[in-house]
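Biologist: I am new to reading structures. Can we walk through one together, feature by feature?

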Amino acid sequence: MAEVVAHDVLILGTGLAGLRAAVEIARAANGSINIGIVSKLQLMRSHSVCAEGGSAAVMREEEGDSFDLHAWDTNKGADFLADQDVVDRFVRAAPEEIRQLDRWGLPWSRRDDGRVKQRPFGGHGYPRATMAADKTGFMEMQTLYDTLVKFGNFTRYDEVFVTSIVSDGGRFLGLTAIDLPGGRFLAMRAKALLIATGGIGTLYGFTTYSQTVTGDGQAMAYRAGLALEDPEFLQFHPTGLVPSGILMTEGCRGEGGYLKNKDGERFMERYAREAMELAPRDIVSRSMMTEILEGRGFAGPNGLDYVHLDLTHLGANRIHKALPLVREVCMKYRGIDPVLEPIPVRPVAHYSMGGVETDIDGKTEMAGVWAGGEVMCSSLHGANRLGCNSTSECLVWGTITGREVFKYLQSGPATPDLPESRVDAEEKRIFSDLLGKVGKENPYAIRQELRTVMDRCFGVFRTAKAMGEGLEKIRALKERFGNISIQDKGRVYNTNLKNVLELENLLDLAEVMGVAALAREESRGAHSHRDFPKRDDDNWLKHTLVRHSADGPRLDYKPVRITRWKPVERKY
Ligand SMILES: Cc1cc2nc3c(=O)[nH]c(=O)nc-3n(C[C@H](O)[C@H](O)[C@H](O)COP(=O)(O)OP(=O)(O)OC[C@H]3O[C@@H](n4cnc5c(N)ncnc54)[C@H](O)[C@@H]3O)c2cc1C
C-alpha cells in the first residue's frame, strides 16, 4: 500500500533548472507555497554540478557585445531550426541571471579590473562564456541551494525514483515513486509539476554524461501522452577524453587550445577558416571525424581513434588558473599532464537538443505541468546548441517556469485526486510484474548492446542503412527486455530494479530517436545524413514531434517560428 504525500507543487529534478525554479517559487511565495523537490540522487549529485565551461550572457554591450549578436549566433548555430522569438527572450533574460547569482554570492572568475570574466566559446561571435574557472555548474548549484535554504518551506525527497506521471488525459494528477533507501512506494499529489530531469546522454556508450542521466523525465512524459520534439538532434561534443569520454570543456579551446591531427596540422583550417577550433560543435565534430576516417587520426583503444587537443603552448599558469579541473582529470584518468603533453580526444555524445515539447513559457500540453532545463524543448537550440547556452537556459527557464507555476497556484486550483487504483496498478507493475520476471535475458547485457547500437548507427555521421538496421536492433532489444530477470528481489535500495526502470526509459527514447532520425531526409546541425548531405529548407524546415501510440512512435511536424532572420548558408 503506497504512502501518500501532498504538496502545492512538485519539482521533479534538482539540477540547475529545478533548483532555480524552486528558488523563484519560494521567494515569490514568501512561505505560502509548499514545495516538494524530488531527486533520484542526493540533491547535489545532480548532473549539473559537472558543467564546466560557463554560462552564456551578454554582459558587455559597451565593449561590443549585443543581444542581436547573441541571438544571431544562436540561430545560426542552430542551423536555423530554433524558434526565433524563444531565442530573443533567452538572450535578453540571461544577463540578469548572471547578475542575480552574483548577488547571491557566486564566485565568478574576475578580470583584473574586478568585472566578471568571460571567455570565448564555439560559435559565439563575442567572448560571453561567464565562468567560475572550469567549475561553473558546481558553483551555480551550490549558490542556488544555499539561497533556497534561506527561503525555506520546501521538502527534499532525495533518492526518490519517480516511475510515472499520472494524468486524467489532459490534467496532471500526481507522481508515483519509489523511496529507494526504504523501498516504500509513494503516491505524490500536487496541483502543479515541473519536470526538470535533464538529458538522455547515457543512451550512448561513449558519452560525457554521468551514468545517472537516463532520460527518465522524457520517457515518462512521452508515455503520459506528451509530445517529444526534435529528438533526432543529439549533440556530439568535439572533445571527449579517450577512452573514458570525460569532457574536456570547450573552455580549453576558448582559452586558445588547438586541435591537431597526426601530422601536427591544425586541421580546422580546412573546414572553418575563420572560426577554426571555435566553430560550432556540429562542424568541429564532423571535421574531427573526417580527419579520423580519412586516416589522419591516431589509433585508439577499441576503435576509439582520436586527434590531439593541444594546450601545451598556453603555459602552466594559464592552465592552472582557467582549467584546473581539466588538468586534474587528465592526470588522474589518463596519466597525462596537459601542461606538457597533448590530450587524446574524439567526438562524444553530450547533449539532447530535443525534449518535452513546451511553449515559450515552458508550459506543456498537460494542464498543471511545466518543463525546464535540458528535458524541455522550447526550440531554443534547434538542430545544434551553442556551448554555454544550456546552463543559461536552465537559469532563464527555471525563473520563467517558477513564476508561471507561482501565478498558476495563485489562481487557486484544487489538488486533484490521485486515484488509488492508478497507484496500485503502478506498484503492481513494478514490484510484482517486473521484479517477478524470471526470464533468460540479462538487463545489463541489453543496456550494453543498446549503447553499442547507438554509437554505431546514430553517431556523428548517419546513413539510412545504418539507422534502419539500428532501429531494427532497438526493437529487438525491446522484445528481449520483456524476457529479463532481476537478480535482487528485495525492496530496500534495489539498484538492480532502478537500473531496469532506467533501461526501459532508454529503450523507449532510442526508438523515438531512431524513428525521427530515419525520417529526416536532410542534413541539418547535429543530424548529418550521408545520403542527404545538404540542408533542405523546402521540405525540412520544420520541427519533429513524436507521440506515443499502441503501434509505436507516431510522427508529426510543426513549423519553425522565423521572426527576423531567413536561413542562410552557414560559413565560419
Ligand atoms: C560534462 C558536461 C559539462 C557541461 N558543461 C556545460 C557548460 O559549461 N555550460 C553549459 O551551458 N552547459 C554545459 N553542459 C550541459 C548542462 O550541464 C546540462 O544541460 C544542464 O546542467 C542540465 O541541467 P538540468 O537541470 O536540466 O538537469 P540535471 O542537472 O541533469 O538534473 C536532473 C535532475 O533530475 C533528477 N531525476 C532524473 N530522473 C529522475 C527520476 N526518475 N526520479 C527522480 N529524479 C530524477 C536527477 O536526480 C537530477 O536531480 C555540460 C554537460 C556535460 C555532460
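Biologist: Is Cys394 buried or exposed?

Modeller: Start with the general idea. Buried means under 20% relative accessible area, exposed over 50%, and partly exposed in between, with a 1.4 Å probe and protein chains only. Cys394 has 8% relative accessibility, so Cys394 counts as buried. Cys457 is buried too, at 11%.

Biologist: What should I know about the model and its numbering?

Modeller: This is a predicted model: local features need pLDDT of at least 70, side-chain atom pairs count only at pLDDT 80 or more, and totals for chains, interfaces and linings use all residues. Residues are numbered from 1 along each chain as its sequence is written, and side-chain values use heavy atoms, leaving out hydrogens and water.

Biologist: How many disulfides are there?

Modeller: A disulfide is a covalent bond between the sulfur atoms of two cysteines. The test here is a pair of cysteine sulfur atoms within 2.5 Å. A search of the whole structure finds 0. For Cys394, the nearest cysteine sulfur belongs to Cys388, 12 Å away.

Biologist: How do helix 12 and helix 13 cross?

Modeller: First, the terms. Helices (H or I, at least four residues) and strands (E, at least two) are DSSP runs, numbered from the N terminus. Axes are lines fitted to C-alpha atoms, for helices over the stretch in contact, and angles run from 0 to 180 degrees between N-to-C directions. Helix 12 (residues 443-457) and helix 13 (residues 464-481) have axes that come within 9 Å and cross at roughly 170°. That makes the two helices roughly antiparallel (under 35 degrees is roughly parallel, over 145 roughly antiparallel, 65 to 115 roughly perpendicular, the rest oblique).

Biologist: Which residues of helix 12 meet helix 13?

Modeller: Contact means heavy atoms within 4.5 Å. Helix 12 brings Ile446, Glu449, Leu450, Val453, Met454 and Cys457. Their partners in helix 13 include Ala466, Gly470 and Phe481.

Biologist: How covered is helix 2?

Modeller: Mostly: 8 of the 11 residues in helix 2 (residues 67-77) are buried. Among them are Phe67, His70 and Gly77. The buried residues pack against strand 3 (55-56), helix 3 (84-103) and helix 10 (389-410). Just after helix 2, Asp79 takes a positive phi of about 55°.

Biologist: Which residues have the most contacts inside the largest nonpolar core?

Modeller: A nonpolar core is a set of buried Ala, Val, Leu, Ile, Met, Phe, Trp, Tyr and Cys residues joined through side-chain atoms within 4.5 Å. The largest has 155 residues, and Ile165, Met248 and Leu450 have the most contacts inside it. Helix 14 (residues 495-519) gives the largest share of this core, 12 residues.
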